[in-house]
Amino acid sequence: QLENVDLSADREGKVQITDSSRVAMTDIRAMHDAMGGYNLNKTQRDYIQFPSTHLGGDFTVSVWLNLHGNEPQQYARIFDIGQGASNDNILMYFRPDGKISISTRIGSGSVTFASSAAGVVDLEGWHQYTMVLSGSEDGSANTNSLRGYIDGQLVVEKLNVTVPADQWRSYNNSFIGRSNWSNDPYLDASVGEVRVWDRGLN
């Protein structure tokens, strides 16, 4: 396991939570809700930042979310880990009609993208969203696969993908509930456990 993100604290004991009126290090415990998660409000432009970390090659990213009945807007991010917009992004996000999409971008060029069938997203209760890249780690597009799961069930898959480079992913551009693209919406949801591994889990 590479990272087990503790949402109660980052390396300084706090997490950056930002909206249009407050751009300060804020104690995330103030966002803790009665269901045991951390509530993100899209109107307040709330989000959570990952710690800076090396990520690429084979990996797994898993996030528990509760949407509380709210239909996510198109392109609202579950997570977006990268170096900025169109810059080495690893992301999972919502589409209309209860779909999710998974995508990786190599630098500002090659893009891997796949979307699930409609109706896979449950708007009520807690659900685990997981993205896995597994296969050869030499960057060849032979046996590599990019897969998306909800509650352990495979809902989207893309085969024979190019593996993202294993590189430093900046704290400043690695988010839960926020996109690296400025025009994309924020996420309305409670966030529970977040885990990142440096291997593709089965």
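Analyst: Let's start with exposure: a residue is buried under 20% relative accessible area, exposed over 50% and partly exposed in between (1.4 Å probe, protein chains only). This is a predicted model, so to speak of local features we need pLDDT of at least 70, and side-chain atom pairs count only at pLDDT 80 or more, while totals for chains, interfaces and linings use all residues. Residues are numbered from 1 along each chain as its sequence is written, and side-chain values use heavy atoms, with hydrogens and water left out.

User: How many helices and how many strands does the protein chain have?

Analyst: Both are DSSP runs numbered from the N terminus, with helices (H or I) needing at least four residues and strands (E) at least two. On that basis, the count for the protein chain is zero helices and 17 strands.

User: Is His 68 buried, exposed or partly exposed?

Analyst: His 68 sits in the loop between β7 (59-66) and β8 (77-81). Its phi is positive, about 50 degrees, although it isn't a glycine. With a relative accessibility of 35%, His 68 counts as partly exposed.

User: And what is the relative accessible area of Asn 160?

Analyst: Asn 160 is in the loop between β14 (153-159) and β15 (167-169). Another non-glycine with a positive phi, Asn 160 has a value near 55 degrees. Asn 160 is partly exposed, at a relative accessible area of 45%.

User: Why is the pair of Tyr 47 and Tyr 186 called what it is, and what is that name?

Analyst: The structure holds four aromatic pairs. Rings of Phe, Tyr and Trp (its six-membered ring) pair if their centres lie within 6.5 Å; planes under 30 degrees apart are stacked, over 60 edge-to-face, and the rest tilted. The ring centres of Tyr 47 and Tyr 186 are 6.3 Å apart with planes at 40 degrees, so the pair is tilted.

User: How many residues apart are Tyr 47 and Tyr 186?

Analyst: Tyr 47 is in the loop between β4 (38-40) and β5 (48-49), and Tyr 186 in the loop between β16 (174-176) and β17 (189-197). Tyr 47 is buried at 5% relative accessible area, and Tyr 186 is buried at 11%. The pair links distant parts of the chain, and the separation is 139 residues.

User: How far apart in sequence are the parts that Phe 94 and Tyr 129 tie together?

Analyst: Phe 94 and Tyr 129 make an edge-to-face aromatic pair, 5.7 Å centre to centre with 75 degrees between the planes. Phe 94 is buried at 1% relative accessible area, as is Tyr 129, at 1%. Phe 94 lies in strand β9 (residues 90-95) and Tyr 129 in strand β12 (residues 126-134), so the parts tied together are apart by 35 residues.

User: Which residue has its charged end over the ring of Tyr 47?

Analyst: A charge sits over a ring if NZ of Lys or CZ of Arg is within 6 Å of the ring centre and within 35 degrees of the ring normal. Over the ring of Tyr 47, 4.7 Å from its centre, is the charged end of Arg 178.

User: Which side chain makes a polar contact with the side chain of Ser 134?

Analyst: Ser 134 lies in strand β12 and is buried at 14% relative accessibility. A polar contact is a pair of N or O atoms within 3.5 Å; within protein, one must be able to donate a hydrogen and the other to accept it, and residues adjacent in sequence count only if both atoms are side-chain atoms. At 2.6 Å, the partner of Ser 134 is Arg 147.
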